[in-house]
Amino acid sequence: MDNTSTDLPLVEIGWLVAGKLDEVDLRATGHARQAVREELARTFPQFQWRMPLVHWEELTTGPRAEPAELLEYGVADRNAKHWDFAAIVTGAELVGHYR
């Protein structure tokens, strides 16, 4: 189901891949993105759904990533591209902060 009518209000959700993902994880991300888009189109047919995919391979260079840093980059990209929402996918282990 493809909502391509220009009469419908557009909702854009950017999918940001931070760091390197192997082929299996990239494929799974693509399937998840498509499934989310199809479910949103089915549930909310009064909107046009667009989900661009951006790959930030250089963003996480090690096996661990700082969540706040990824969120800051996500917010900056969302604002720069005028998306409504952004989802960040990474294969890196997120650094936890406990008190």
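Let's start at Thr29, which sits in helix α1, residues 23–43. Helices here are DSSP runs of H or I with at least four residues, strands are runs of E with at least two, and both are numbered from the N terminus. Keep in mind that this is a predicted model, where local features need pLDDT of at least 70, side-chain atom pairs count only at pLDDT 80 or more, and totals for chains, interfaces and linings use all residues. Residues are numbered from 1 along each chain as its sequence is written, and side-chain values use heavy atoms, with hydrogens and water left out.

Thr29 is buried, at a relative accessible area of 9%. (Buried means under 20% relative accessible area, exposed over 50%, and partly exposed in between, using a 1.4 Å probe and protein chains only.) Leaving aside residues up to four places away in sequence, Thr29 touches Trp15, Val17, Leu21 and Val89; contact means heavy atoms within 4.5 Å.

Now look at α1 as a whole. Its buried residues are Thr29, Arg37, Leu40 and Ala41. Seen down the axis of α1, they fall within an arc of 100°, so they line one face of the helix; the arc is that of the directions from the helix axis to the C-beta atoms. What covers them includes β1 (10–18), β2 (48–50) and β5 (85–90). Turn to the other side of α1, and you find Val24, His31 and Arg42 exposed.

How far can you trust the picture? The chain averages a pLDDT of 88, and 90% of the residues score at least 70; pLDDT is the predictor's confidence in each residue, from 0 to 100.
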